Amino acid sequence: MSQTQLKAAEGTPLSADAIRRRVGAATIVGSALEWYDFYLYASMAALVFGDIFFAQSASASGTLAAFATFAVGFIARPFGGVLFGHLGDRIGRKKVMALTFALMGTSTGLIGLLPDYSQIGLVAPIMLVVLRVLQGLGSGAEYSSAAVVAYEHASADRRGRQGAWPALGLNLGLLASSLTVALLTALPEDVLLGWAWRIPFIASFALVAVGMWVRGRVPETEEFEEIAEKRAKDAAGKKSQIPFIQLLRTDWRGLLVVISLALGYNALSYIFKTFSLAYLTKFRDVTATVGAIGITIASAVAIIAVPIFGRATDRYGSRRVILVGSVACALFAFPFFTLLHAGTVGIILGLVIATGILAPSLFAPQGAFLSKQFATNVRVSGVGTGREFGGAISGGLAPLAALAIVGASPTHATWGVSIILLAGALLVGLSGILDQGKRHSLERN
């Protein structure tokens, strides 16, 4: 460890265990807020925003318009991935973690303060889109910086476990937001639409304050410090290379692997836990509370599953874990909807298998798998750019496409959505097959 790493802000020496605890807290808290924000927005887009911000539309059209604003956030994420990925490789992982966290959380809080359509007309959805874009920019590098920090602070035999910390944060955030949604949907509809939906958004301001304090205590990674020191020595007489340009020149294969994984994983994940809620309420006449309870239980299961898959990553390798997970997701593509049609118990079981077990089997190993695709000097740029470009295409559009497919069917058939799930699983498997980790000797997973 470098001297910078071994000292806290006040100059007190830190042990390796203390550093690990601080890094764990910082990565988990940040990812928890990201997914609290995004799942909360997705749920409110499915259940509330159509009536609040698109009141002039018919019910189905309003819901579709609300989901379109959800997709807008994904369109913004690649730009955040490129911008903050560049900064992460240029000025440091720690600074970018704080910056993206503040931008993401503040934008979410402001959504809770927005006037609705009845108060300011078309300005309301426009302001919602603007804040959604800012939220997407911040989220665009949240995972990449957190995953890289966890990975670079880990010893070779712990990269799977520490790389899974953002996945653990995801499910803690998902659990918090799904519990919140479950409580909100139990309220009378006029209370929910009138003011109650705003409370969890405004609560993000408090979460930002806590998260900024936690992240301020995290040391920079030794690997970045070594790169920065070397860059400073080589600066004289040389033109500084832009990390993104260098990424395209030297690690484009790894970038394609990350894009493929992001395309597949986000399609699977958001159909499992976002489209399913809208499908159940709009096409199956299932109360929103049932879906929210199912996601809540699934999130609790995932909190247990993520560390297990993290340990499996250290033992068997991130590539093998991802390949096995992709096969399992493919096998579940059609049974998922069979369970959603099987009453309350079937719905909860389907959501638990999909979101509590299968999605974590793919997400837990990603911290190690994605980071190892790139050299240190372009690592945040590579993970952020590839993951967010892939996610923008599939994460934003897959739920929207699934909703349109089911809505266009006279019988609301779901086989087309199952095909999307199969395609997602295939892309994830392809990324495992094309793994570029052996090109970088640092990787041991």
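How do the residues lining the second largest cavity divide into nonpolar, polar and charged? Keep that in mind; the tour ends there.

**Before you click.** This is a predicted model, where local features need pLDDT of at least 70, side-chain atom pairs count only at pLDDT 80 or more, and totals for chains, interfaces and linings use all residues. Residues are numbered from 1 along each chain as its sequence is written, and side-chain values use heavy atoms, with hydrogens and water left out.

**Color by pLDDT.** This is the predictor's confidence in each residue, from 0 to 100. The chain average is 84, and 91% of the residues score at least 70. Now select residues 1–10: pLDDT stays under 50 there. Where pLDDT is low, the predicted coordinates should not be read in detail.

**Look for cavities.** On a 1 Å grid over the protein atoms alone, a cavity is a set of points where a 1.4 Å probe fits but cannot get out; lining residues have an atom within 4 Å of a point. The model has 2 cavities of 30 Å³ or more.

**Largest cavity.** Select L170, Y265, S269 and F363, which are among its lining residues. The space is about 70 Å³. α19 (343–363) gives the largest share of this lining, 5 residues.

**Second largest cavity.** Select W35, F74, R77, N266, Y270, R387, E388 and G391. They line about 40 Å³ of space. α3 (59–90), α15 and α21 (379–408) each supply at least two of the lining residues. α21 gives the most, 3 residues. Back to the opening question: the lining has 3 nonpolar, 2 polar and 3 charged residues.

Conventions. Contact = heavy atoms within 4.5 Å. 1 Å grid on protein atoms, 1.4 Å probe; cavity = no way out; pocket = protein on both sides within 12 Å on 5 of 7 lines; lining within 4 Å. Points joined across faces, edges and corners; volume = space filled by probe spheres on them. Helix = DSSP H or I, 4+ residues; strand = E, 2+ residues; numbered from the N terminus. Nonpolar A, V, L, I, M, F, W, Y, C, P; charged D, E, K, R; others polar.
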